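Open the structure in your viewer and keep the selection tool at hand. The stops below go from one to the next.

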Amino acid sequence: MLLQQLADGVATGAIYGALALAIVLVYRASRTLNFAQGELALLGAYVSWQLVAWGVPIWAAVIVSMAALAVLSVAAEKVLVRPLVKRHQALPLIIVTLGLMIAINALIGWAWTYQTKEVPPLFGSGTIDLLGVAVSRQDVGIVLTVLAVAIGLGILFEYTPLGLRMRAAISNPESAELSGISTGRTMSIGWAIAGGVGALAGTLIAPELFLHPGMMAPVLIYAFAAATLGGLDSPPGALVGGIVVGVVENLAGTYLPHGSDFKQVVALVIIVGVLLLRPQGIFGRREVVRV
Amino acid sequence: MSTDVTAAPKARGEAPRRESVAAWLRRPRAPLSPPRWLAITSVVVGAAALVAVPLVNPSYINLTVTLVMIWTIVGLGLNLLVGFGGQVSLGHSAFFAIGAYAVAVGGEAGWGQGLSLLAAAVVPFVVGYVVGLPALRLHGLQLGLVTLALAMATPAAIRALEPLTHGSRGISIDGDPPSWMPLAHDQWVYYLALALAAVAYVITRRLAKGRLGRSFVAVRDAELVAETLGVNVWQTKTRLFATSAAYAGVAGGLYAMLLEFVGPENFNLALSISFVTLIVVGGLASVPGAVLGALFVQYVPTLTSDISAAATGATYGVVLILFAFFLPYGLVGLVRGSLGRLVARIPGRRT
């Protein structure tokens, strides 16, 4: 029973981690939180569903959806976010991404109605026996996919010239600009990857939560909790945070009285607790302000 | 409306360089300054009209006007926090819910309506104070994150506190007037809301214009400078958060009395988002903005719901984005910009 809960927790946690990764990439690029990240992922899931409904194989559908969302994210970044980031306006930034979140959600409801849709699991149905625990093929596939994405991004950031430029643009934008790096372009690349990863996460979780317009809002809060826990500027932190949040959420849901209700309070408790005790998260760097 | 407004600056050739429409919309503006006779007349006429409304209208109209006043109270408090204080809250639906449940639980315990409404202000104030304590350590984005999580957790928390709130079954409330009063339920709650909204409006105006309001703005714009000038930043922020929560709580209490029922699903994220839309549309850091914003969130959804179930959300989202970019001072800024010159020309001013 406990092992079963742990396995379920790791699988949902991987999804939270993936979405948290998108949040972290955007935060590193623009120093802002994108409240629309969950709805962008939802849009990705709907694009995948639509393509499958048109007869495209699910694998191809996911790739097309990831590309589409990457493009859309870059557009959102360029048109809506960058002008405000340049003016250092924190409050309008929050208002704009909040507006984007509501608008995308409403447009999804408009285009695809509020009825639930079924997305086929990417890795087929059925279960696999792991150490005496029955784990669904989809769950195993989710964990492996997210791991692969994480390793791929790790290599991109640490071992390629592009990754080096991105890290430079993040850690010291002015010096990076002076050495000929276009910080605007690295910003866009950050948003593009975030959009793609989000679309993947949305498509992967859709078979379990059933695709409907309200699907991603709770996931987004868990992803925010995961990103806060891991450290808002740390990609590995986001993944570890996601797994921890997924496991804690599952255990709380099972073992606490009124568990299914308290589950949703878990995210709030984690966010508040981390921000009070260790605001930079587990892996994040402390922000030092020079007066 | 916007077309004749945008035409105005072009017609006058005063500015040396022609100002773009976007720049004209984004310009900060002074409040309208009508001559004293006009200000007094419009307040008296407006007050008389508001008092007369429930006597001549059917109850469903009274209901919507009462809701406008309830949203106004929330907007006044939230604007103090966000507009004047520069702190974000996406979670005021939580304080609204606490106020509503204070009235509901108070009613069940046999408290009078007056005591229940007082509890609807005090309990959110205390909770807001406790939430505000950590808020002082968080900068804008983090506070937005915490309050968003708070808004999302509110319905679940209400369900989980079942012994007090009766979970999903909700609580019925008796919102009838005292027996000696010759008023129907809708008229009674209307006058209560009108009185409280008027009090809230006057208090907010005093707060915004006085020493406290200036210290809020100082903390918002330059925290370090404010501190060196002797503003207690810590106290200012926590008290501001608590006060703002108390406004939302009173509004929630009135809402519970108006609907005579509360349940967990009344207080979801959409409610919080409509509160944020309210102050952004009305105008951040302006007191009259709360009224214009309240009219917006009450009447625009009834218009858009005819088009589609999704149209309200789409409108809110697009409006939030457009206002953030083009109308940072909200509808109040637009009204001031278009009527400012006209009002300044009205005779009868003492010099």
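How many residues of chain B are in contact with chain A? Select both chains: 42 residues of chain B touch 42 residues of chain A, where contact means heavy atoms within 4.5 Å. This is a predicted model, in which local features need pLDDT of at least 70 and side-chain atom pairs count only at pLDDT 80 or more, while totals for chains, interfaces and linings use all residues. Residues are numbered from 1 along each chain as its sequence is written, chains are lettered from A and ligands numbered from 1 in the order in which they are written, and side-chain values use heavy atoms, with hydrogens and water left out.

Stay at the interface. Chain B and chain A bury about 3600 Å² between them, 83% of it on carbon and sulfur atoms; buried area is the accessible area (1.4 Å probe) that two parts lose on being put together, summed over both. Now select B:Leu141, B:Leu145 and B:Phe325, which supply 19% of the area that chain B buries against chain A, more than any other three residues.

Next, colour helix 7 (140–160), helix 13 (269–282) and helix 15 (311–326) of chain B, each of which supplies at least two residues of the side touching chain A. Helices here are DSSP runs (H or I, at least four residues), numbered from the N terminus. Helix 7 of chain B gives the most to that side, with 15 residues.

Where pLDDT is low, the predicted coordinates should not be read in detail. For chain B, the mean pLDDT is 86.

Note on methods
pLDDT is the predictor's confidence in each residue, from 0 to 100.
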